[in-house]
Amino acid sequence: MATTTVTRPAETLVSSAGRVRAKSPYPHWFYLPAAVIYGVLFIVPTIIAFYFSLTRWSIFDSKFIGLGNYRTFFQEPALVTSLWHTLIYAVVTSGLKVVLGLLLAMLLTSQILARGYLRSVVFFPVLVSTIGVGLTFTVLMNPEKGLINQSLSLIGIQGPGWLTDPSYALLSVALVDVWKGVGLATLIYIAGIVSIPQEYFEAARVDGAGAWENFRHIVLPLARPATVTVITLSLIGGLRSFDLIWAMTRGGPGFTSDVIASVIYKQYQAGFYGLSTAGNVVLFLVVTAIVLPLSRFLNRKEVEL
Amino acid sequence: MTVLTSRRPRKNLLLSFLAIVLSVIVFLVPFAFVLLTAIKDQQQASLLDFSWPHQFRLVQNFIDVVEARDYMLIIAFINSTILTVASVTLMVVFGAMVAFVLQRRRSKWNALVNALVLAGLIIPPAVVPTIWVLQKLGLFRTMPGLILVEVAFGLSFVILLFRAFIGTIPRELDEAAVIDGAGPMRLFFRVILPLLRPVIITSVVVQSVFVFNDFTNPLYFLPGDQNATVQLTLYNFASTYNTQYNLLFMNILLITIPPLVMFLFFNRQIVAGMTAGAIKG
């Protein structure tokens with residue numbers, strides 16, 4: 001109510017200043033520059049992708065072939081597995097980021113020494129070049145000479161060929177993704193935990209609650225918005241992930257760490273633009289089919305609390 | 001006294017010790033490895049082990065990396081700087097304009113704009129169709145094309161950051177300016193924008209780091225050695241200098257410096273931007 005009475009005088013003043021119609025001080029054309037760039041380079045490509053995914057498309061021309069590209073995509077074993085790899089990668093990375101992020105945030109908001117140093121050191125990898133991290137860990141994960149397996153052999157463990165063994169490659173890259181990204185999850189959780197009113201912890205202390213009860217009944221439910229954010233963000237990131245995988249394995253060995261995003265790039269390089277775009281549409285559908293219902297579900301729960 | 005001490009629990013020394021040791025092993029050793037390998041000679045670097053350099057070749061390796069491929073790294077640094085400055089400037093100005101009207105004005109467009117902002121955060125860009133559009137516009141393989149692509153992909157995040165912040169600026173200020181005869185342009189650029197300083201710094205810093213580190217978009221939309229951005233030089237080095245690990249790691253070291261500087265100076269703003277944007281998104 002108060003706002004309407006306040007805004008009125010200004011608008012009538014403007015109109016009484018001689019204009020035929022009161023002009024809003026918030027003109028719609030402010031949307032225009034952003035809308036043009038965003039529309040032309042994001043919305044239009046997203047929409048025409050649906051058409052081009054139905055064509056055989058080369059540098060010169062495109063020919064409508066119906067669902068042929070999708071048929072290829074879902075029949076070629078190397079391409080179908082990329083779909084599963086994408087899902088595994090996204091679930092593993094976001095799951096680990098939630099668990100480790102929460103644990104680290106608990107640790108970094110508790111009474112320990114060198115908190116500032118620890119927060120910085122956990123967060124810094126988020127800002128570093130993904131390709132740089134990927135190449136560094138490719139060397140560290142070298143099966144014979146790499147630092148990781150060298151260290152493991154000191155305590156009598158023979159480390160696997162992290163990136164050369166088909167059954168480990170995808171998970172190894174996912175671990176590096178977590179190494180690089182857990183700092184952001186931690187940061188979000190810290191923001192969530194810090195915003196919990198101290199009264200809850202004091203009341204719990206009066207009731208004689210221990211660390212576990214604090215965590216289970218105060219932190220976990222009240223840090224829920226942070227959990228929602230971490231899950232949503234890392235799922236979106238994980239499903240679209242390309243550069244780390246490309247830097248570390250290029251989808252190999254064989255196709256064992258190929259994800260949809262790397263398939264899109266490979267098909268593009270090979271000149272199969274239609275197939276590449278079909279991959280893009282599949283990725284679009286996978287991301288929206290997972291993220292939209294999930295965020296709706298998670299956010300609804302939050303409102304009910 | 002006992003009440004006081006129990007209210008302020010003592011630092012947990014054992015846990016602190018464990019955490020520090022673990023943080024050194026997990027997070028500092030990889031960075032130390034980059035640093036050490038970057039100053040080794042080629043022979044020792046190719047052993048890939050974690051050891052003290054026999055020879056300190058910091059300066060020589062630096063010169064070698066810079067001179068490689070006709071000073072490609074210098075060109076790449078210039079390209080990356082142009083790309084980052086131009087795209088972040090446009091993104092912030094245009095994003096702030098959208099956020100301002102979106103936050104202030106109730107209209108039938110709001111629902112659509114909000115939906116599009118969210119779409120920009122979630123939907124993976126369609127790569128080849130974007131190249132097709134860029135080609136039609138004559139912008140494929142050009143720096144302006146890549147700049148506009150970065151703007152398009154970064155707008156959503158900026159709009160979210162700004163919208164939340166503009167909500168905290170009282171409307172009375174707008175009204176006073178309007179009464180004083182300010183038009184929309186004056187109102188926004190002279191009255192509102194200066195008040196947005198904190199969120200401008202935050203979004204400039206965060207987006208600069210993103211764009212500077214971006215590998216995928218330059219790879220697709222600005223291919224070619226002449227146009228390489230820093231992330232791509234890294235990639236070229238990795239394949240060219242398959243055995244020259246010292247140079248590869250020197251290169252990694254060099255492109256890690258800009259984000260490190262940003263981090264040292266703007267730690268607080270980065271943290272604010274990452275968490276605020278994240279929680280809204």
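Tyr71(B) counts as exposed, because 12 C-beta neighbours fall inside 10 Å, and 12 or fewer is the cut-off for that class. Its place is in helix H4 of chain B, residues 58–104. Its phi is positive, about 60 degrees, although Tyr71(B) is not a glycine. All of this is read from a predicted model.

The largest nonpolar core has 156 residues. H4(B) gives the most to this core, with 17 residues. Among the residues with the most contacts inside the core are Met97(B), Val98(B) and Tyr189(A). Ala152(B), Leu155(B) and Phe162(B) belong to that group too.

Take Val98(B) as a way in. Which residues does Val98(B) contact, leaving aside its neighbours within four places in sequence? They are Phe30(A), Tyr31(A) and Ala34(A), plus Ile159(B).

Ile122(B) tells a related story. It is found in helix H5 of chain B, residues 109–122. Is Ile122(B) buried or exposed? It is buried, because 20 other C-beta atoms lie within 10 Å, and 20 or more is what the class requires. Leaving aside neighbours within four places in sequence, Ile122(B) is in contact with Ile236(A), Val287(A), Thr288(A) and Val291(A). Within chain B, Ile122(B) and Ser156(B) are 34 residues apart along the chain. Their C-alpha atoms are separated by 9.8 Å.

Now step back to the interface. How many residues of chain B are in contact with chain A? The number is 75, and they meet 73 residues of chain A. On the chain B side, helix H13 (residues 245–280) gives the most, with 13 residues. That side divides into 54 nonpolar, 12 polar and 9 charged residues. For the complex, the predictor gives an ipTM of 0.88 and a pTM of 0.88.

Confidence along chain B comes next. The mean pLDDT of chain B is 87. Of its residues, 92% reach 70 or more. Residues 1–6 of chain B have pLDDT below 50. Beyond near neighbours in sequence, this stretch has 0 contacts in the model. Residues 277–281 of chain B are also below 50. Here the model shows 15 contacts beyond near neighbours in sequence. Where pLDDT is low, the predicted coordinates should not be read in detail.

One more residue of chain B deserves a look. Arg197(B) is found in helix H10 of chain B, residues 197–213. Arg197(B) counts as exposed, because it has 10 C-beta neighbours inside 10 Å. Along the chain, Arg197(B) and Thr256(B) are 59 residues apart. Their C-alpha atoms are separated by 27 Å.

Turn to chain A. It has 14 helices and 2 strands. Its C-alpha trace spans about 80 × 70 × 35 Å along its principal axes. The radius of gyration of chain A is 25 Å, whereas a compact globule of 305 residues would have one near 19 Å. Of the 305 residues of chain A, 41% count as buried. What share of contacts between residues at least 6 apart in sequence join residues at least 24 apart? In chain A it is 70%.

Why does H10(A) lie largely in the open? Of its 12 residues, the number buried is 1, so the helix lies largely in the open.

The last stop is the loop between helices H12 and H13 of chain A. H12 covers residues 243–248 and H13 covers 260–269. Arg250(A) lies in this loop. Its phi is near 55 degrees, a positive value in a residue other than glycine. Arg250(A) is partly exposed, because 13 other C-beta atoms lie within 10 Å, and that count falls between the cut-offs of 12 and 20. Pro253(A) has its place in the loop as well. The peptide bond from Gly252(A) to Pro253(A) is cis, with omega near -5 degrees.

How values were computed
Residues are numbered from 1 along each chain as its sequence is written. Chains are lettered from A and ligands numbered from 1 in the order in which they are written. This is a predicted model: local features need pLDDT of at least 70, side-chain atom pairs count only at pLDDT 80 or more; totals for chains, interfaces and linings use all residues. Helices (H or I, at least four residues) and strands (E, at least two) are DSSP runs, numbered from the N terminus. Two residues are in contact if their C-beta atoms, placed from the backbone, lie within 7 Å. Ala, Val, Leu, Ile, Met, Phe, Trp, Tyr, Cys and Pro count as nonpolar, Asp, Glu, Lys and Arg as charged, and the others, Gly among them, as polar. pLDDT is the predictor's confidence in each residue, from 0 to 100. The radius of gyration is taken over C-alpha atoms; the globule rule is 2.2 Å times the number of residues to the power 0.38. A nonpolar core is a set of buried Ala, Val, Leu, Ile, Met, Phe, Trp, Tyr and Cys residues joined through C-beta atoms within 7 Å.
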